[in-house]
Amino acid sequence: MTGPHNPHASSSDRHDGIAKLAVAAIGIVFGDIGTSPLYAFRETFAGHHPLALDAVHVYGVVSLIFWSMMLVVTIKYVTIIMRADNKGQGGSLALLALISRRTAHARLGVVIVMLGVFATALFYGDSMITPAISVLSAVEGLVVVNDAFEPLVLPIAVFILVFLFLIQARGTAKVGALFGPIMVLYFLVLAVLGIVNIAKDPEILTALNPWYAFQFFLLDGWLAFLALGSVVLAVTGAEALYADMGHFGRRPIRFSWLWFVMPGLMLNYMGQGAMIVSMTPAEAEVAIRNPFFMLAPEALRLPLVGLATLATVIASQAVISGAFSVTHQAIQLGFMPRLTIKHTSASTQGQIYIPVINWLLMSAVILLVLMFQNSSNLAAAYGIAVTGAMLIDTCLLAVVLFSLWKWKSWLAIPLLAAFFIVDGAYFAANLTKVPDGGWFPLLIGVVAFTMLTTWSKGRLLMRQRMQEAAMPMEIFVKSAANSAIRVPGTAIFMSSEPTGVPHALLHNMKHNKVLHERVIVLTVAIEDIPYVETCDVVETQDLGQGFYRMKLRYGFMQETDIPKALSPVNACGPKFDMMQTSFFLSRQTLIAAPKPGMAIWREKLFAWMLRNAATAMEFFKLPTNRVVELGSQVEI
């Protein structure tokens, strides 16, 4: 985030601040889209649907790439969607929370939630393919340097990827400081290589005219449609601009894209096109196998492979960090079970490490590399998850324009129609890739969607069943206060519901027949905003007889540290001493039953997820020697 505006700061200070954030954004946000020149242009011509290497097709493809960047990235994401922030945060789940909070129509709300969750599920498929295709395409540059390196490509790529996942636990704060300067150098090299080759055929600059894209469709309609499946690889990573908005702010990302990243990318794509057009047919056939590395003189190809490999590692790091961030949001918003989350930076709240997600991603990425063997085969699997997420973002944007921003129909409808046509065409073209590998991200998306929705629905059903059997708190306080023996200290009973008596409190009374002097029923509520102000975190209610009900409110981006939140509280008696406080947790054992609500197989899946979730003690940072767990059984 750019932080609050300081009216006393000089104009040069503000510009310096934006410049520093812009460099940092180049290192994190643009890694995915920045590494696309390694394979996007090549796949359009030499992929599963080859094109003739003549001026008409080259100019048509360059024109399509440019206008895709303009419509999808510049206009849709950078200009419009980035304005739809949830208290500064972006991404499908943040947008979903924003819309859900402001949309009253229940049926529309359910559809919106399903779309947002499916976009999140597709992201997991994308986050598996991006590291695999990026690193593999960079290491394949070794073959351009010397054919003898070919047997080493796969082992080197696997080694780099395994190393990348192994260092995640250490955090990326120190390595992250190097990301910006390396990516700045990388984009400068892209631009210089492009300019040198544009000089061989300056006429390539006319390919920015949209007529060449139309001419391509008029000449080769079906092939042009199929080519969209590869052209879209040039804009993969566009959604990362929106998702990472909370880290850097809107202005630095816009500045970086418009004045540095996009010009560098387009110069490189035009350079690749100019190089192919200026060659003889035989030379072009050889060069199109890896046009990115052929842009450089022979002596500089090995250093270029090194720089490209560094860039792809950085791109992969950004995607992995994104997977951790999205998972954290999904847990907080109730779409995933609690997982062990480790904070890798004492100063930066957003830097987290989730071991389960890290090892699952690593296994999937290595499996992909070994299954598909080369980046060209992986390109067939790449794109469908991205285009699906982009299409869903357009659906959510339609709700934002009409329900939240109240745009006039004459302005919103033509704009949305253009986005739906473009995104729909890209998605349809990528559906043709399903038999060649596109099934993989779709399979991952369906599995993730099933698990996310099963957890959300299961939690709702479980809470309803528990609520049905709950005793009103007022009745319990009156009867228990007069009948139970009171012992010194504080007992905090965790409850997922803001009403009724927690099961752990009832079980404690039933079996131990004692109550502490101070009894607090504590509920943790995750709001659909990223951060809750410190003054609004704690709400307390005095129920009398030494009983209190307390609510801790957190945003979906915040860490839930209960002892830390309780330390300043003095609204319910003396301040909390953790050595005199006991935390009582309910641990439910789920019994699948043929009741209305969910299919039996989903109930069993939910029960398995519940058993494998991280304990509340770990998730809420409770002191390990002050926790008592009391079990109960629930049928859903």
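Hi everyone, let's begin with the inside of this predicted model. Its largest nonpolar core has 178 residues, and the members that touch the most others are Phe-30, Phe-41, Trp-257 and Ile-562. Which helix gives the most to this core? That is helix α6, residues 106–139, with 14 residues.

Let's zoom in on one of those names. Leaving out neighbours within four places in sequence, Phe-41 has contacts that include Val-58, Val-61, Val-62 and Ile-65. Tyr-269, Gln-272, Gly-273 and Ile-276 are also in contact with Phe-41, as are Ile-288 and Pro-291.

Now for a charged residue, Asp-393, which you'll find in helix α20, residues 384–404. Asp-393 is buried, and yet it has no salt bridge. How far away is the nearest side chain of opposite charge? That side chain belongs to Lys-76, and the distance is 5.6 Å. Setting aside residues up to four places away in sequence, Asp-393 touches Lys-76, Tyr-77, Ile-81, Ser-92 and Glu-239.

My last stop is helix α10, residues 211–219, where Tyr-212, Ala-213 and Phe-216 are buried. Why do these three sit on the same side of α10? Because they cover an arc of only 105° around the axis. Look at the other side of α10 and you'll see Phe-214 and Leu-218, both exposed. And what covers the buried residues of α10? The cover includes α4, residues 55–80, and α11, residues 221–231.

How values were computed:
Residues numbered from 1 in each chain as written. Predicted model: local features only at pLDDT ≥ 70, side-chain atom pairs only at ≥ 80, totals over all residues. Heavy atoms only, no water. Core = buried A, V, L, I, M, F, W, Y, C linked by side-chain atoms within 4.5 Å. Buried < 20%, exposed > 50% of the residue type's maximum accessible area, 1.4 Å probe, protein only. Helix = DSSP H or I, 4+ residues; strand = E, 2+ residues; numbered from the N terminus. Contact = heavy atoms within 4.5 Å. Lys, Arg positive; Asp, Glu negative; His and termini not counted. Salt bridge = Lys/Arg side-chain N within 4 Å of Asp/Glu carboxyl O. Arc of directions from axis to C-beta.
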